[in-house]
Amino acid sequence: MSPPMQRGAPRQAPLDETSCDQATDSEHEGTARPTARQLLEQALLYAAYGWFVFVLSADKVPLRNCPRCRAGAERHDPETCTCLTCHGFYAATRDPVRIAEMIARHPDGMLAVRTGAPSGLVVVDVDPRHSGHRSLGKLEQAVGLLPGTVQQLTGGGGLHMLYRHPGHHVKSRSNAFGSDITGVDVKADGGYIVVAPSVTRDGGRYEWLGGIWSHTLPLWPAILTPLLDDRPQLRAVLNPRRRTDVRASTAHATAALRGEVERVTGSQPGQRNDELNRAAYNLGQLVGAGQLDHDQVADALRDAALSIGPDEPKILRTIRSGMNAGMANPRPHREARPA
Ligand SMILES: [Zn+2]
Ligand SMILES: [Zn+2]
């Protein structure tokens, strides 16, 4: 058992070199379909880990319901239906006997895990076919880097990032963070993910980064939940640009801006964020009083902070929170310049 690979860590070579030389086309680890035995071994590990496992068809869609359940207009509860593989993810189980039977009946199927509260999973699903990787960057620029966690490469070149379910309902949805963030889905309550060692029809492998792991997943980042529930909030986070009404700009306000920028630029290592926060608050008060323009202040502070160190997402968060606090407490700059 090796620890999970964290985001940003270099990727391990998936094959050991000795086996590469000898592998034939059909036996090559990169393209071979898993045997039923391999599927079962892995499925039982997942179940032991607390995940609910089921089997999809080789085409990555849920297996067909049995005739009784297909006809089942007598609205029976899929959650309590006892059929082995009916009703998609509702068939998922931790029972080794049922798992073994599913795989025995569908040895060419793909392995899947039900997400959401049952397995304790919320998964960020990045789909490159819809610019998911770029969108993830956009999201992280707005909210900061998502915590490093267990990750899976998907058969289609995408990425699954796994987080611990927060206990409240988290709905599965595609383009979960709105139409500006295409290709970033959330798989949680009411969803599932395909898992290793599944292989798609065209040879795409599902593969854990860092191999098998055994540790507690980081909690689903709380900052993401309101973005799921209320998309306009995200738009505000992603597009913080706003023009404010500068009614009474004064030379003093402009001088205050210059002074704060200088203090940020001259701040000592380790002090930058405190200085930035203080400056953002003070200038936010002037913005709130109609003496300075919001975007002008935000841009000036950003440039000043970046001139002495990296980490733009953190800078933007500090500016945003500091200015918002200041704007909520407007105070015009009235100090008279000494003669
Ligand atoms: Zn059935
Ligand atoms: Zn049923």
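These legends describe close-up views of one predicted model.

**Figure 1. Overview of the protein chain.** The chain has eleven helices and eight strands. It holds 339 residues, and 35% of them count as buried.

**Figure 2. An open sheet of five strands.** The strands follow the order E6-E3-E5-E4-E8. Their pairing is antiparallel. Strand E6 (184-187) and strand E8 (207-208) stand at the edges. Each has a single partner strand, so one side of each is left without a neighbour in the sheet.

Figure 3. Strand E3 covers residues 121-126. Four bridges pair E3 with E6 in the antiparallel sense. Find Val 126, which stands opposite Val 184 in E6. Helix H5, residues 132-143, packs on the sheet. H5 touches E3 and E6. The direction of H5 makes about 80 degrees with that of E6.

**Figure 4. Ser 131, in the loop between E3 and H5.** Ser 131 sits in this loop. Its phi is near 60 degrees. That is a positive value in a residue other than glycine. Is Ser 131 buried or partly exposed? Ser 131 has 16 other C-beta atoms within 10 Å, so it counts as partly exposed.

**Figure 5. An open sheet of three strands.** Here the order is E1-E2-E7. The pairing is antiparallel. Strand E1 (52-56) and E7 stand at the edges. Each of these two has a single partner strand, so one side of each is left without a neighbour in the sheet. From one strand to the next, the twist averages 35 degrees. Strand E2 spans residues 110-114. Three bridges join E2 to E7, and the two run antiparallel. Arg 114 stands opposite Tyr 192 in E7. Helix H2 lies across E1 and E2. H2 runs at about 5 degrees to E2.

**Figure 6. Helices H2 and H4 cross.** Two packed helices are described by the angle between their axes and the distance between the axes. H2 covers residues 36-48, and H4 covers residues 96-105. Their axes come within 10 Å. They cross at roughly 155 degrees. Angles over 145 degrees count as roughly antiparallel. H2 and H4 are therefore roughly antiparallel to each other. The crossing is right-handed. On the H2 side, the contact is made by Ala 36, Leu 39, Leu 40, Ala 43, Leu 44 and Ala 47. On the H4 side, Pro 96, Ile 99, Ala 100, Ile 103 and Ala 104 take part.

Figure 7. In soluble globular proteins, nonpolar side chains tend to be buried together. The largest nonpolar core in this model has 50 residues. Which of them touch the most other members? They are Val 53, Leu 111 and Ala 112. Now follow Leu 111, leaving aside its neighbours within four places in sequence. Leu 111 is in contact with Leu 39, Gln 42, Ala 43, Val 53, Val 55, Val 194, Val 195 and Ser 198. Another core, of 22 residues, lies apart from the largest one. Among its members are Leu 257, Ala 279, Leu 301 and Met 323.

**Figure 8. Ala 305 in helix H10.** Helix H10 runs over residues 294-308, and Ala 305 lies in it. Is Ala 305 buried or exposed? A residue is buried if 20 or more other C-beta atoms lie within 10 Å of its own. Ala 305 has 27 C-beta neighbours inside 10 Å, so it counts as buried. Ala 305 and Val 261 are 44 residues apart in sequence. In space, they are 8.5 Å apart, C-alpha to C-alpha. Leave aside the neighbours of Ala 305 within four places in sequence. Ala 305 is then in contact with Val 264, Arg 272, Leu 276 and Ile 315.

Figure 9. His 87 is not a glycine, yet it has a positive phi of about 70 degrees. His 87 has 20 other C-beta atoms within 10 Å, so it is buried.

**Figure 10. A cis peptide bond at Pro 197.** The bond joins Ala 196 and Pro 197. Its omega is about 5 degrees. Pro 197 is found in the loop between strand E7 (192-194) and E8.

Notes
Residues numbered from 1 in each chain as written. Chains lettered and ligands numbered in written order. Pairing = 2+ DSSP bridges. Contact = placed C-beta atoms within 7 Å. Axes fitted to C-alpha atoms, helices over the stretch in contact; angles between N-to-C directions. Core = buried A, V, L, I, M, F, W, Y, C linked by C-beta atoms within 7 Å. Buried ≥ 20, exposed ≤ 12 C-beta atoms within 10 Å, placed from the backbone. Parallel < 35°, antiparallel > 145°, perpendicular 65-115°, else oblique. Left-handed = near helix turned anticlockwise from the far one by under 90°.
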